[in-house]
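Please open the structure in the viewer and keep the selection panel at hand.

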Amino acid sequence: MSTTVSRISQAQAAWEAWNHLGFTQRSERLKKLASELPALRDAKIQTLLKQLLDRTITLEPIQVMPGPTGESNELYLNGRGVVLVTGDATATEVALVGQLITALACGNCVLLHWPQQPDWARSLVEKVHTFGLPKGVIHYLSEAELEPLLALEGIAVIAPVCTAAQARDINRHLAQRKGLLVQLVSETDPQACTHLLQPDHLLRFVTERTRTINTTAVGGNATLLELGSTEL
């Protein structure tokens, strides 16, 4: 488990630079990776990845919302952090790759865990590194048990490919955690990948952020805040 904690730390350290690339640049890099990596050349995988990555690019635009005192407020989307992508005995390579690429394209770093197919998972991560993705951005986890991983700090999203019953069990474990909430983004239809293809699926891997650029007088803003207080 100490190795896993170390990999979470490495992923957190790599996250800012990967997230900073933006949706379009990440998607273009992952499209190139998908076209070059033999393990991803399956026709079904290619079709799914094209749909997901084309949609991811639409998350790039920043929305500008002018403020009442002249400041500029920008609303944009950001990756959540470190995502644990895991699969049970029902998982398929197509669905696991879909969760993996979605998490990466949305600006997250990934820990890949599939104890039923450890050789496939390890090989995929090694090949991804060979084809140019930074090592901190994606890691392979060799742990056989999922439950201890659900309690680890530093994970922002759990993205399993599993049965509905397993998803409910994971959700119960996450509800018992203390501290920040961990998002559960499950795919319980590993054959057709119907959840991955839902319009809102990508949005569950990101969070909204705002950036304010204020060129007005500080005193004016202070007065505005004072006038807006219900305690006065």
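Helices here are DSSP runs of H or I with at least four residues, numbered from the N terminus. The model is a predicted one.

Begin with residues 93–105, which form helix 4. This helix has 13 residues, and from its first C-alpha to its last it reaches 18 Å, close to the 18 Å expected at 1.5 Å a residue. Display the accessible surface next: helix 4 is mostly covered, with twelve of its 13 residues buried. Among the buried residues are Val-94, Leu-96, Val-97, Gln-99, Ile-101 and Thr-102.

Now select Trp-114 and Trp-120. A search of the whole structure finds one aromatic pair. The ring centres of Trp-114 and Trp-120 are 5.3 Å apart and the planes stand at 85°, so the pair is edge-to-face; the cut-off for that class is over 60 degrees. Are these two residues buried or exposed? Trp-114 has 5% relative accessibility and therefore counts as buried. Trp-120, at 16%, also counts as buried, because the limit is under 20%.

Arg-26 lies over the face of Phe-23, at 4.8 Å from the ring centre. Arg-211 is placed over the face of Tyr-76, and the distance to the ring centre is 4.6 Å.

Definitions and conventions: Residues numbered from 1 in each chain as written. Predicted model: local features only at pLDDT ≥ 70, side-chain atom pairs only at ≥ 80, totals over all residues. Heavy atoms only, no water. Phe/Tyr/Trp six-rings, centres within 6.5 Å; stacked < 30°, edge-to-face > 60°. Buried < 20%, exposed > 50% of the residue type's maximum accessible area, 1.4 Å probe, protein only. Lys NZ or Arg CZ within 6 Å of the ring centre and 35° of its normal. Helix = DSSP H or I, 4+ residues; strand = E, 2+ residues; numbered from the N terminus. Expected span 1.5 Å × (residues − 1).
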